[in-house]
Amino acid sequence: MTNVKPGLLGKRFAGKVLDFTTLRGCNDASDPYGGFSVCDYTGDVASHYCQCRTELAKELGIGLAAVVQPRQVHGARVEMLDGDFWSLDEIGRRQVLDGVDGMVTSRRRVVVGVNTADCVPVLLYSSGGAPLVAAVHAGWRGTLAGIAANAVEAMRNAGGEEIAAYIGVSICCDCFEVGDEVAEAFVGAGFSGKGIVTRNEATGKAHINLQEANRWQLLQCGLSPDMIFIDGTCSRHDASGNYFSARRMGVNSGRTFTGIMLL
């Protein structure tokens, strides 16, 4: 029923970091929760996502408590997971992570990750200064509010330097049709003229390139262009069936988990 096949991208960071994306591995594509999903707040049954979490921890060779994911709300809040956080019990940690869409940590052998089903997962790694990693869930609201920039700022405040970024599997511009009010909000936030806000000539509908919006935001933060990697796979029209998509399957469905860990 489940499958764990992390896409190992750590070679980009000289083997000091493991970053991955879970594959759905689904036998029944008609089941919106079928396959691998660790998300616990989109309507899945507890027995399934708990099983998936156990399998993921086992695959990564870490304890279950070392797989950390927030209760995302499409916002821009980034939480620094420092010593105080790790001293909390499970209930305390869940309270801290409620309403969080980005996490930063310097703790080794701990995965921080986000759940997505079209929104953009952004992973960050500080290879200079203090070793740090971050995981960010960037929906259109979070992107507008600057969550990727917030994560970079949090890392720099903690001593991070030479930050690299990975922009993961997410909806492409052609698939991400939005209302005019969303397009206008992006134009007002300075995202126009960069191939981020476009309009389909045939339909007249506005489209947003969330992957490029987050790349541009990271460039504005001073990240080097050659240290920003974009997967480019579209979650909505992915033919492999490896990824969940809320626009294709509905919001009541599983989620793809994208995580990163300092080794």
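Apart from neighbours within four places in sequence, Lys 16 is in contact with Tyr 125, Met 261, Leu 262 and Leu 263. This comes from a predicted model. Lys 16 belongs to the segment before β1, the strand that covers residues 17–21. Lys 16 and Asp 28 are 12 residues apart in sequence, and their C-alpha atoms are 36 Å apart in space.

The next step is the sheet. Strands of a sheet pair through backbone hydrogen bonds, in either a parallel or an antiparallel sense. Here an open sheet of 4 strands runs in the order β1-β13-β5-β2, and its pairing is mixed. At its edges are β1 and β2 (67–68), each of which pairs on one side only. The partner of β2 is β5 (residues 111–116), and the two are parallel over 2 bridges. Within β2 and β5, Val 67 stands opposite Val 111. Helix α1 (residues 46–60) packs on this sheet and touches β1, β2, β5 and β13 (256–262). The direction of α1 makes about 145 degrees with that of β1.

Cys 52 is in no disulfide either, since the nearest cysteine sulfur, in Cys 50, is 9.3 Å away. Is Cys 39 buried or exposed? Cys 39 counts as buried because its relative accessibility is 0%. Cys 52 is also buried, with a relative accessible area of 0%.

Notes: Residues numbered from 1 in each chain as written. Predicted model: local features only at pLDDT ≥ 70, side-chain atom pairs only at ≥ 80, totals over all residues. Heavy atoms only, no water. Contact = heavy atoms within 4.5 Å. Pairing = 2+ DSSP bridges. Axes fitted to C-alpha atoms, helices over the stretch in contact; angles between N-to-C directions. Buried < 20%, exposed > 50% of the residue type's maximum accessible area, 1.4 Å probe, protein only. Disulfide = S-S within 2.5 Å.
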